[in-house]
Amino acid sequence: MIPNTIIDMKLTGARIRQLVMEAGYDVKTIQRLLHLSCPQPVYRWFKGQVLPTVDHLLALSRLLGVHMEELLVCDSGRMSREDLCSARLNAYCSRIWRMAA
């Protein structure tokens, strides 16, 4: 089972902003590509006020060429990236073993 993790919204917003800017996109372009009616959601993501929906995370990840989870930053005091990957792999293996049994 994957332990509960807490997403650091401020760092996640900064990460999304960094990746968007490094890819050469601006807020208006992201708004247009994600079919958002206004740019405010993008600004809220960048500020860490809200997280993108799963649909928008997927679209952003494809647009930026990264995995969805690379857009999210976990609270470092709770779980490291390596711990999260290990927990995910263990959970995946457990499901496979149960299906095969």
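These questions and answers concern helix H1 and one of its residues, Ile16, in a predicted model. Residues are numbered from 1 along each chain as its sequence is written, and side-chain values use heavy atoms, with hydrogens and water left out. Local features need pLDDT of at least 70 and side-chain atom pairs count only at pLDDT 80 or more, while totals for chains, interfaces and linings use all residues.

Reader: How many Å apart are the end C-alpha atoms of helix H1?
Author: Helices here are DSSP runs (H or I, at least four residues), numbered from the N terminus. The expected span is 1.5 Å times one less than the number of residues. For the 14 residues of H1, residues 9-22, that gives 20 Å, which agrees with the end C-alpha separation of 20 Å.

Reader: Which residues of H1 are buried?
Author: Buried means under 20% relative accessible area, and exposed over 50%, with a 1.4 Å probe and protein chains only. The buried residues are Thr12, Gly13, Ile16, Leu19 and Val20.

Reader: Is Ile16 buried or exposed?
Author: Ile16 is found in helix H1. Its relative accessibility is 1%, so Ile16 counts as buried.

Reader: Leaving aside neighbours within four places in sequence, which residues is Ile16 in contact with?
Author: Contact means heavy atoms within 4.5 Å. With neighbours within four places in sequence left aside, the partners of Ile16 are Phe46, Pro52, Leu60 and Leu71.

Terms used
Helices (H or I, at least four residues) and strands (E, at least two) are DSSP runs, numbered from the N terminus.
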